[in-house]
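Dear colleague,

Please find the structure below, followed by a short account of what was found in it.

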Amino acid sequence: MGLIYFCFWQRSLLCKYKFYIDTINLKRQHYIVIILILVFFHLNLFGQTAGNKGKKISTVVIDAGHGGKDPGASGSHSREKDITLAVALKVGRYIKANLPDVKVIYTRTRDRFVPLIKRGEIANKNKADLFISIHCNANNSHKPYGAETYVLGSDDSRSNRNMKVAMLENAAILLEDNAKSNYDGFDPNSPESYIIFSLKQNDYKQEESLVLAQKIQSQFKNRAGRKDRGVHQAGFLVLAGTYMPSVLVELGYLSNYTEEKYLLSEKGQSYLASAIYRAVKSYKQNYELENKTANNISSKTKQPKLNTTVKENTKVSGGVEYRVQFTTSTKKIPVTDKRFRAIPDVSVYYHNGLYKYTSGHFNTISEAAERQHKLKNRGYRSAWVVKMKGDKRYTGSVKNSVPKVTGQKATALEYRVQFYTSPQKRPLTSTRFKGVEAIAVYYQNGLYKYTAGHFSTISKATAYQKELRQKGFSDAFVIKWKEGKRVE
Ligand SMILES: [Zn+2]
């Protein structure tokens, strides 16, 4: 039953697949396996492209937990829904006042009930760059206090403590009218339901969510002077419904008298909201700086000569090297761990509160891109090339994802004119390709190869080759193309 819960997550997509699969009437277990493969495929594709999607953080959704008929947790004289709304509105006000290029969207601005599924939909529809859900904790004991931040994942604590927090928050769906169909029978109180969250998540969303979560905790501790209860992972439905980096903040415990007083105070709410705002600001600055640096690196790299043989034009010196980052973790895993067995030359470095694992040490981007390609084929779909100096990231990152073959996907044989090759990925709209028709790109042996036209005969292709040579692409030559790849 839990598996079908994915329908909520990727609903429209799955229902489409369900239709096709139903029509061919497969056995039930095949059906489930196929659905899972399709979901992972889709998530991975998303993970691959999401990193390049937006170069700026321009829309932030702030989600005040609970509301209306759902009061959330209660303290001795406080309700969670009132505190989350007050803090959410303050966060929004700080962002609007200090980051004028960021659009703030609230899931609610008054005491109103909003289903969990709707909150994610608001963020997805508005193509938000970040989603921040604000909550307060409660415990049977009066002792616990402090702030913590969650990202979507499976509970990694021994006591299932994190899952219990998620269960409390997910219980909000029991007040919803169509919960059974909206969440496909997900039972927020049954531990079995939570197995679904141990499945592989979208790497991009996961990593970026962790970065933001670390920043929020660091602000809570250093700026607001709160007890830092750390960053954790658990199965929160509200986080499962979004496509973008998403965190759930537990501001503090309403069950602790001292903390309840702080959470109810104007000063406490301002400090907490200011901490979240500062974390967003810092995340935005880092994110945009990294993207800017990546762009500068690719535009400053010397253009390769037009030649069909492989030319190394990206040699780096001074202790700078390229590695392929393939996974990250909040906990340190030894590089000899058996889960890395199949990956050559694993190293680890620490960055933005995360342990980041890389493969290889390369002098050139093209060598690294080849490794990246291999790791992607092994399932590390968001593997990417990072530039390192020693154990530190060097002037940002070099995004270098492998493009899909674009252009016509004919099964028939066709001819194309290959006119440009580069270890760097160039946009097809690049000004250097001005005047070239029907551009497509394919990736081979660590190089991006650009072709023009889709011709049915070799003579038509040769005529266009001549034209391109006159345009300055003096090494243009004709290739044969069939079923998505070059043939000899
Ligand atoms: Zn809550």
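Rings of Phe, Tyr and Trp (for Trp, the six-membered ring) are taken as a pair if their centres lie within 6.5 Å, with planes under 30 degrees apart called stacked, over 60 edge-to-face and the rest tilted. By this rule, the whole structure holds 14 aromatic pairs. One of them joins F326 and F340 edge-to-face, at 5.7 Å centre to centre and 85° between the planes. F326 belongs to strand 7 (residues 320-329) and F340 to the loop between strand 7 and strand 8 (346-351), so the pair ties together parts that are 14 residues apart in sequence. Both F326 and F340 are buried (under 20% relative accessible area, with a 1.4 Å probe and protein chains only). F419, Y420, F433, Y450 and F473 make up one aromatic cluster.

The model is predicted: local features need pLDDT of at least 70 and side-chain atom pairs count only at pLDDT 80 or more, while totals for chains, interfaces and linings use all residues. Residues are numbered from 1 along each chain as its sequence is written, and side-chain values use heavy atoms, leaving out hydrogens and water.

Turning to the sheet, strands are DSSP runs (E, at least two residues), numbered from the N terminus, and two strands pair if DSSP finds at least two bridges between them. An open sheet of 6 strands shows mixed pairing and the order 2-1-3-6-4-5. Strand 2 (103-106) and strand 5 (228-234) stand at the edges with a single partner strand each, so one side of each has no neighbour in the sheet. Strand 1 (residues 59-64) and strand 3 (residues 130-137) run parallel, joined by 5 bridges; I62 has I132 as its bridge partner in strand 3.

With kind regards

Conventions
Helix = DSSP H or I, 4+ residues; strand = E, 2+ residues; numbered from the N terminus. Buried < 20%, exposed > 50% of the residue type's maximum accessible area, 1.4 Å probe, protein only.
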